Amino acid sequence: MADLTKHLRERFKQGSHPFFGKLDMEMKQASNGHVSLTIQPNEWAALHNDAPIIHSGLLALLLDTVCGMAVMSSLETPTAIATIDLKIDHVRDAAIAKKLLIEATVEETSEEISYTNGQVREEETHLLVAKAVGSFMVGTKGPSIIAPDTEASS
Amino acid sequence: MEAHNQLFQSWINDSPFASWLALQVEGTSLGLNAVLPFQEKNVGNPFIRSLHGGIVSASMECVGGLLAAHLHGLDRIQKPASISISYTRSTTATDLNISIASIKTGKRLSFLEAQAWQDDKTKIVAVATMTFLRKSEETQV
């Protein structure tokens with residue numbers, strides 16, 4: 001299984017990622033089919049200009065991405081993946097002032113499909129904000145976005 | 001619904017994240033049509049130049065939030081209680097079209113269904129269902 005923690009930390013440090021670059025993110029772990037990171041939202045993430053809560057679409061975007069990272073960290077060799085299905089429940093509003101803990105885990109991989117679950121929680125209280133169940137096709141066309149150099153040279 | 005186009009656009013302008021997506025929305029007799037204009041930031045896999053799946057789901061959810069607001073007589077983009085999306089085809093680095101309509105709208109809950117496609121309307125790239133709860137007045141943000 002791959003340990004992508006350092007690789008992803010470096011990518012976020014650059015601040016060039018189109019949406020992760022807009023959030024203050026700390027990657028804690030991305031290895032062995034488990035990803036854990038925190039984000040500090042800001043006004044860009046708000047549902048409305050004057051609302052203190054996060055836009056649910058942004059949470060969907062983050063959960064899709066973090067569940068996909070968990071799949072990539074579960075693979076022996078870099079492989080292209082694609083989301084097949086994603087179900088998200090928005091359990092409660094999250095204040096943009098609160099730091100969020102986002103985690104995702106691969107539950108099982110069978111017949112080229114990885115089954116994941118993910119959660120967004122308030123970091124301080126661990127209150128559940130949103131939860132996701134996602135399935136990913138492993139081995140789609142094209143190189144893995146995580147380790148293109150490895151793919152290109154293989 | 002067509003008469004509300006300026007209103008829908010003002011609701012997008014009122015939402016920083018929806019504005020960042022740069023969605024263009026118009027009402028139809030059945031619901032809403034929207035376009036997510038292609039931008040480089042929407043690319044998820046730079047090697048095959050496909051759209052980020054999360055950008056697709058976030059856009060469909062935003063359009064749902066506009067329709068739900070209209071159906072529930074509210075004046076701002078709404079967030080769903082839940083969304084379920086299936087990615088039926090790979091995408092390319094072009095505009096994304098979205099259409100959405102209500103399956104059933106009640107006093108408290110709306111059930112919406114959306115499809116997304118790119119150059120060919122017969123080639124659906126994603127389908128989504130979402131459920132919106134109209135909160136009681138005292139819990140409206």
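Predicted model: local features only at pLDDT ≥ 70, side-chain atom pairs only at ≥ 80, totals over all residues.
**View 1. Overall make-up of chain A.**
Chain A contains three helices and six strands. Along the sequence, these elements follow the pattern α-β-β-α-β-β-β-β-α. Of the 154 residues in chain A, 40% are buried. Among contacts in chain A between residues at least 6 apart in sequence, 65% link residues at least 24 apart.

**View 2. The contact between chains A and B.**
In this contact, 33 residues of chain A meet 30 residues of chain B. On the chain A side, the elements that give two or more residues are α2 (56–73) and β3 (81–90). The largest share, nine residues, is supplied by β3(A). By residue class, the chain A side comprises 17 nonpolar, nine polar and seven charged residues.

**View 3. Strand pairing across the two chains.**
Strands of a sheet pair through backbone hydrogen bonds, in either a parallel or an antiparallel sense. Here β3(A) and β5(B), residues 82–87 of chain B, pair in the antiparallel sense over five bridges. Within this pairing, Lys87(A) has Ser84(B) of β5(B) as its bridge partner. β5(B) is also joined to β8(B), residues 124–133, by six bridges, and these two strands run antiparallel. Ser82(B) stands opposite Thr131(B) in β8(B).

**View 4. The sheet formed by strands of both chains.**
The open sheet has 12 strands, with antiparallel pairing, in the order β1(A)-β2(A)-β4(A)-β5(A)-β6(A)-β3(A)-β5(B)-β8(B)-β7(B)-β6(B)-β2(B)-β1(B). Its edge strands are β1 (24–31) of chain A and β1 (24–27) of chain B, each of which pairs on one side only. From one strand to the next, the twist averages 15°.

Helix α2(A) lies across β1, β2 (34–40), β3, β4 (100–110), β5 (113–122) and β6 (128–138) of chain A, together with β5 of chain B. The helix runs at about 135° to β3(A). With 18 residues, α2(A) reaches 26 Å from its first C-alpha to its last, close to the 26 Å expected at 1.5 Å a residue. Why is α2(A) described as largely enclosed by the rest of the structure? A residue counts as buried if 20 or more other C-beta atoms lie within 10 Å of its own. In α2(A), 18 of the 18 residues are buried, so the helix is largely enclosed by the rest of the structure.

How values were computed. Residues numbered from 1 in each chain as written. Chains lettered and ligands numbered in written order. Contact = placed C-beta atoms within 7 Å. Helix = DSSP H or I, 4+ residues; strand = E, 2+ residues; numbered from the N terminus. Nonpolar A, V, L, I, M, F, W, Y, C, P; charged D, E, K, R; others polar. Pairing = 2+ DSSP bridges. Axes fitted to C-alpha atoms, helices over the stretch in contact; angles between N-to-C directions. Expected span 1.5 Å × (residues − 1). Buried ≥ 20, exposed ≤ 12 C-beta atoms within 10 Å, placed from the backbone.
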